[in-house]
Amino acid sequence: MATIERLKKAPKQEIETNAPIYTKPLTDSQYDAGFDLLTQGNRTTYQDFIIPQLSRILVSLLKTRTHVSVLEIGPGPRSVLGLLPEQLRQKVRRYTALEPNEIFAERLEAQRTLPGLEHPHSIHRAAFGFENDTNASCGADAGWMAEQYDLVLFCHSMYGMKPQRKFIECALERLSLLPEGGMVVVFHRQGTFHVDGFVCNTTTSFPTGSVCVADDDTLLDCFATFISGVSAPEMTTGSARREVCRALGRRDEAHPEHLFFGAPEVMVTFTRHATTLPELTAQMPITIDTSKIKNRQARLHGPAAVVRPTEILHVQQCVLWALKHKTSLTVVGGGHSGQCLWLGVVAVDMSAFDQLQIVDAADQEGMFGAGALVVVGTGCKAGDVVEKTMAAGFAVPMGSRPSVGAGLWLQGGIGHLARLHGLTSDSIVGATVVSTLGEILCIGSVPEQSRPAGAVRPDNEEELLWALKGAGTNFGIVISLVFKAVAAPEYTIRNWLAPLRDSVEMRDKFSKLELIAKRLPRHCSVDAYMFWDTDKLRLGVSMCEVSTPHDRETLSPDYADLCEFMGQEETSKVVDGVELFDTEMYMSVMHGGHGGGKTSAFTRCVFLKHIGSPGIVDILVAAMATRPSPYCYFHLLHGGGAVGDVADMSTAFGCRDWEYACVITGVWPRDQDGTEIADAAVQWVYKVAMDLLPVSQGAYCADLGPDPRDADLAVEAFGPNKSRLVRLKHSSDPENVLAYACPMPRTIAAPKLIVLVTGESCAGKDCSAERWTHTFRTNDLSARVVSISERTKREYSEALGADLARLLKDRPYKEDHRRALTTYYQDQVKQTPRLPDEHFQQLVDDAVGVDVLLITGMRDDAPVASFSHLAPGSRVVEVRVLASREVRQGRGAIHVAYGSNGDADLERESAACPTFLFSNEVPGSEAANTFATTHLMPFFHEDLQSLTSMMRTVPNFPGAGIDFRDVLDIVQQPDGLRLCTSLLQTHFIGNMARADCIAACEVGGLVFASALAQQVNVPLKVLRKQGKRPPPTISVAKPTSHISSFADGAAEESRIEMDKFAITGRATSVVIVDDTLATGTTLCAVLNLLLEAGVDVEAMSVVVVAEFPAHRGRELLRREGFGGVRVQSLLVFGGA
């Protein structure tokens, strides 16, 4: 499919050739008609890219401000802001647009799509330009130039602005100085936007964008004229332009009357830091040579600069510069680092760190025994490592190409030694790393002579070493790696070739190959190749036997079975490690040896278990039939053996249960780089990978980068380790310095609501949870029910021989084992005190993407206080299911008088107060559905989201690393206080109007409590700092709150007081209102003061606007004797 850019050049060339005298610029009406066709045919790009990305930008800006001002350049007939969700459009308070097209400007003035504007929008009929530019003048109507904005937006309006850098520079001058973080945002066709040394804040692409236009003469004339940017008389160019469109456009079976053109898109954002590159390049060498990158397509990406540090200090300076200017870096290692060149991003070329050192393993700390450790600089390539270690009689398991570098070693590394010695990453025992905070870290076993001056060992050293072995490109810039070496082997390579008639024969041969592969000893591997050559589909098989010279004869396998179904081998050769690279079939046999070496390639890889299964074979055969070039092929690398010996969670490389790694390779002639042929090959690779993914065991992360098409593959790249890696990424790279490494979400999409279902045996906890799940699902929310005791039951059954299936499903059988199961669990907790936390965390991690997680089988009598800090971004509530003794006995309960057990039955009265009580006496689902609708569904009401949007986030306030949520922003918003007090009342469990009084401590709590007290018409009792009330008073000590502790000269403790006789008589209900609950110190002091005033704990209840569970405030209340106080919060936030 030809791109819009290709189409743009073709009609323009045709016009200039046939009618050079008559060409002229487009009129406003021509531009109007063409623009309308383009936007109508480009709706997917707006829906799937522009609107989501622009929404994300605005949400980011609103974290540090309550509203935004926007300057939009060349918006066309309608502003793209009008397509945003309403809650975001409400946040735009000031809007200015520059639109030189008279028709567009008139339409813009008539629009009313931004309801939050303080003043009418300002539309200027002028072009955007910079001072003294004769081609782009702001004209007399240039009052906008004196104003500043939070956002300057170019949405498809920078075409024709040259040089683009100058216009960006002019836009940067329009950004507000305070608050910081204003952005220039550019949406543009990919490949035609050049930043020329400017540093981007973020770069995101949409490579699958397309435009469709009806195959109609009039519409094609209009469309081609608009795309070319010039017009000419119909009699000279009309038919030619239409034929060009029809020749280049792709027709789709679903839409045969339309033509489709590729329209890949890019979004680039800039801040005031965009011009700071000279600050970095003045400190170290730069290079413009990207020829060592094998992916020639990637060389077109246009990084801001490629710096080449020559010492560790330079690498530290790169990181510190990125931190200072709030931008990201990429790291270039070997020749396969194409994904590490990205538009407007500084690339760090590690080629100067190319030293290799071999040391005696016996002399080093650690249980390495005899042999050698190899210290390899990350500027080395696989060929360097193989050659130098082989000369010393050693080897390190490497990939199959000599040009690959450290990026592959850190994320796997699959080669001919994998079955015998594991992946390259499995051999890593240590590393020297510059962290994303600029520190030099020494991790694992690093020989003393290789440790840089000033290197320190991180507190989480073990965790970082684990991450480096499979996901290492995300956690720092690696300077050198330490590998455990093995004896240098020889390799015997045997190759077979056979033609294939159809998928039936392919399935037969793959099935036989799979059986043979399973019987082979570990020192042998058998790879397969599927390719098309001389008009025939062919299967290539390559067997590799690994041996040292003295054992080659004794280890030689019987390969008669291969000869039986493949025929006599084509070639057989004994080679060393260096010669091995050239024996690969795609280098020595296929297509004249990799297309004669004059080709470019693009690969992605998925892991397969049973290559002979019909589903897999059919996908591969069908894919070969649709290959976009004759050179495309599949390479299936034999795995298993030592690769599978390592447990999935022992290293970050979490995909271990596979027999073959299927490398999908799109190949095209090198002279077609940057054309639709190359684009088609890349698209083919991604399509095949996505077709195979559902039947695969995961995806290989080594090739993955910032291309959005890699995101779905990355989800399947780390197996059970994804959640652990995301948490480590968040803590190790908090500023996202390495944002463009293998895609990893910044945070786990934890459940929005976690319901802890507690109750006595046979009260109906599981049944109730399932019924609540049905209510959530009917309201378009995903929900899942899990048991926290299942893991214990599995381990119990394995240890004591119990029947796991009956233990999970057979209630009488489970009741018989209840006491033994409880004893087993209690013994486990004694050995591992954090075991309950680990069980809870695993359930939450496994529920990524689920809206509501319901957990049964809880064993703690205060589960919200015990576990909510482990899911700080989720709302955690407890629902205690109640049923009478008679009902429970009727349902099969046996040990009704027995205490806490393996299913956490709560026979005794708990000191903790659950969030809700649910009476499950009556059969049927009506009561459960009503309960879920009344009490649980309100947590998803849009008013809570509106309240959240009113609060900005202030980074690094009042101290470094704190993202301060300003709750008092709510009262500064129109209708904010009314909405908040209304929600405080409606979400309160009980009737607040029947309370004896509302109590609050200054200052935040009083703001909300006073409005609430007036609304429900109950007295307000004021608690203040000591000395603020006239006597007589009572007072208690109050430790400094979390936020106040950051203030200079903050006292460790103060006192709060209230009127001694503020509460008279025996109060039966006192509602305490506060703005936040974090550490709980302030709230605990308030409760203590009310105790002094004669209020019983049972009469107290608490409602707060915002809770921060990470600080474990509920746990403090529980320890101080207030576990029985019901605490409710409107909003829940992670972090500080």
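This is a predicted model: local features need pLDDT of at least 70, side-chain atom pairs count only at pLDDT 80 or more; totals for chains, interfaces and linings use all residues.

Q: Then which residues of α38 meet α39?
A: On the α38 side they are Thr1081, Leu1083, Cys1084, Leu1087, Asn1088 and Leu1091. Their counterparts in α39 are Leu1116, Leu1117, Glu1120 and Phe1122. By class, this contact has seven nonpolar, two polar and one charged residues.

Q: At what angle do α38 and α39 pack, and how far apart are their axes?
A: Helix α38 (residues 1081–1092) and helix α39 (residues 1113–1122) pack at an angle of about 20°, and their axes are 9 Å apart. Angles under 35 degrees count as roughly parallel, and α38 and α39 are therefore roughly parallel to each other.

Q: Is the crossing of α38 and α39 left-handed or right-handed?
A: The crossing of these two helices is right-handed.

Q: What is the phi of Arg1112, and where is Arg1112 found?
A: Arg1112 has a positive phi of about 60°, although it is not a glycine. Arg1112 lies in the loop between β44 (1100–1107) and α39. Arg1112 is partly exposed, its relative accessible area being 38%.

Q: Changing topic to strands: how many residues of β43 are buried?
A: Seven of the eight residues of strand β43 (residues 1070–1077) are buried, so β43 is largely enclosed by the rest of the structure.

Q: And in what sense does β43 pair with β39 and with β44?
A: Strand β39 (residues 997–1001) pairs with β43 in the parallel sense over three bridges. Ile998 has Val1071 in β43 as its bridge partner. β43 and β44 pair in the parallel sense over seven bridges, and Leu1077 stands opposite Glu1107 in β44.

Q: In what order do the strands of the sheet with β13 come?
A: Four strands form an open sheet in the order β13-β14-β16-β15, and the pairing is mixed. β13 (286–287) and β15 (329–332) stand at the edges with a single partner strand each, so one side of each is left without a neighbour in the sheet.

Q: How does β13 pair with β14?
A: β13 and strand β14 (residues 305–307) pair in the antiparallel sense over two bridges. The bridge partner of Thr287 in β14 is Val306.

Q: Finally, which strands does α10 lie across?
A: Helix α10 (residues 312–324) lies across β14, β15 and β16 (346–349). Relative to β15, helix α10 runs at about 155°.

Conventions: Residues are numbered from 1 along each chain as its sequence is written. Side-chain values use heavy atoms; hydrogens and water are left out. Two strands pair if DSSP finds at least two bridges between them. Contact means heavy atoms within 4.5 Å. Axes are lines fitted to C-alpha atoms, for helices over the stretch in contact, and angles run from 0 to 180 degrees between N-to-C directions. Angles under 35 degrees count as roughly parallel, over 145 as roughly antiparallel, 65 to 115 as roughly perpendicular and the rest as oblique. A crossing is left-handed if the near helix is turned anticlockwise from the far one by less than a right angle, and right-handed if clockwise. Ala, Val, Leu, Ile, Met, Phe, Trp, Tyr, Cys and Pro count as nonpolar, Asp, Glu, Lys and Arg as charged, and the others, Gly among them, as polar. Buried means under 20% relative accessible area, exposed over 50%, partly exposed in between (1.4 Å probe, protein chains only).
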